[in-house]
Amino acid sequence: MSVTSAFATSEFVDLYLSNSFADVTGLAGVSDTRVPVPHEWAQDMQALRESCRQTQASVGSPEFSVAYEGRVYRVTHLESVEAGGTYVLRQSKAEIRRFGSIGIPKHFAEAILAEGVVGLILICGGFGVGKTTTGASWVVERLDRHGGMALAIEDPIETLIDGVHGKGRCIAINASRQNGGYREHLIRGLRSGVDFIFLGEIRDSETAYEAIKAGSNGELIIATFHAQSPIHALERLVAMAGEHTPKAANLLADSVLGVLWQNLAADTKDDGTTFMRFSVKTLLVSGNEEAAIRAKIREGKLVTLNQDIEQQARSSYWQQSVGDRRR
């Protein structure tokens, strides 16, 4: 029976690791902002140094991720004056959760998990709101339900998503800029015969174009994207892909299956304690209104989709309320 080390169960902000020192910042229970790592971490530090060296040599990038003792750490290599430089490790906040527990409306969750659906699913929002957690959790839930092969393309990899999940398997790829970036790995992935793809982020116009083109060709892709609202996500995607085709709006209209915007904001309970409130807005492109929604996207009438978002939210709330009363 394996024993989890003290390091693996510790909470901290950053770990600075070189050949001559190992310092940690924000260590839970310690008042100083920076301290040398505890002596009992020595064996872990040796193993992490070697893991960082090997991984960096493999991916050929100063930014990558390493998995250790059931956690994923995002790593940046600094070319400091000492031989070998310094590695900075920060624990990834992304995690794989049961998809139904995240807080996504049931009608939307079930639609994008349904067998046989195709198209582009956008998970959008600001920084640090859990987009990667949502995307990775969807991948695992879909593999559990339907099996098959999935591809996760991230830069760097942020969850322990690689491997077998239920009846299916996910292959994780580190899409560093030195290794071809998102666009190159997306194109390769589309040629691989996998059942669906998780694209860690749409960052550039080339990837935006390839993603909506693939969705319009009948592929199933889920991608994270920085945007202030579902409408802003669609506007940004059309603008980015429009650098490569004048038909970006048409492609997106044919491609998009759903848009999920999520947010985390501090809120206060009646007793004065604070907590993080999770909220979502969704747009599902299916059902009786599918043709009308696609027409609005094709014609550039994106602002009018706010009506569809509100109507779907009201309908979902009513259906949930009826279901609760029946139970």
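At what angle do helix α7 and helix α8 pack, and how far apart are their axes? Before I answer, please keep in mind that this is a predicted model, in which local features need pLDDT of at least 70 and side-chain atom pairs count only at pLDDT 80 or more, while totals for chains, interfaces and linings use all residues. Residues are numbered from 1 along each chain as its sequence is written, and side-chain values use heavy atoms, with hydrogens and water left out.

Helix α7, residues 248-255, packs against helix α8, residues 290-298, at about 160°, and the axes lie 8 Å apart; axes here are lines fitted to C-alpha atoms over the stretch in contact, with angles from 0 to 180 degrees between N-to-C directions, and helices are DSSP runs (H or I, at least four residues) numbered from the N terminus. The pair is therefore roughly antiparallel, a term for angles over 145 degrees. In this contact, meaning heavy atoms within 4.5 Å, Ala249, Asn250, Leu252, Ala253, Asp254 and Ser255 of α7 meet Arg294, Ile297 and Arg298 of α8.

Turning to helix α5, residues 205-216, we find glutamate 210 there, and glutamate 210 counts as buried because its relative accessibility is 9%, where buried means under 20% relative accessible area with a 1.4 Å probe and protein chains only. Leaving aside residues up to four places away in sequence, glutamate 210 touches Arg183, Leu186 and Ile187.

Finally, the cysteines: cysteine 124 is buried at 0% and cysteine 170 is buried at 1%, and a search of the whole structure finds 0 disulfides, a disulfide being a pair of cysteine sulfur atoms within 2.5 Å.

Key:
Buried < 20%, exposed > 50% of the residue type's maximum accessible area, 1.4 Å probe, protein only. Helix = DSSP H or I, 4+ residues; strand = E, 2+ residues; numbered from the N terminus. Parallel < 35°, antiparallel > 145°, perpendicular 65-115°, else oblique.
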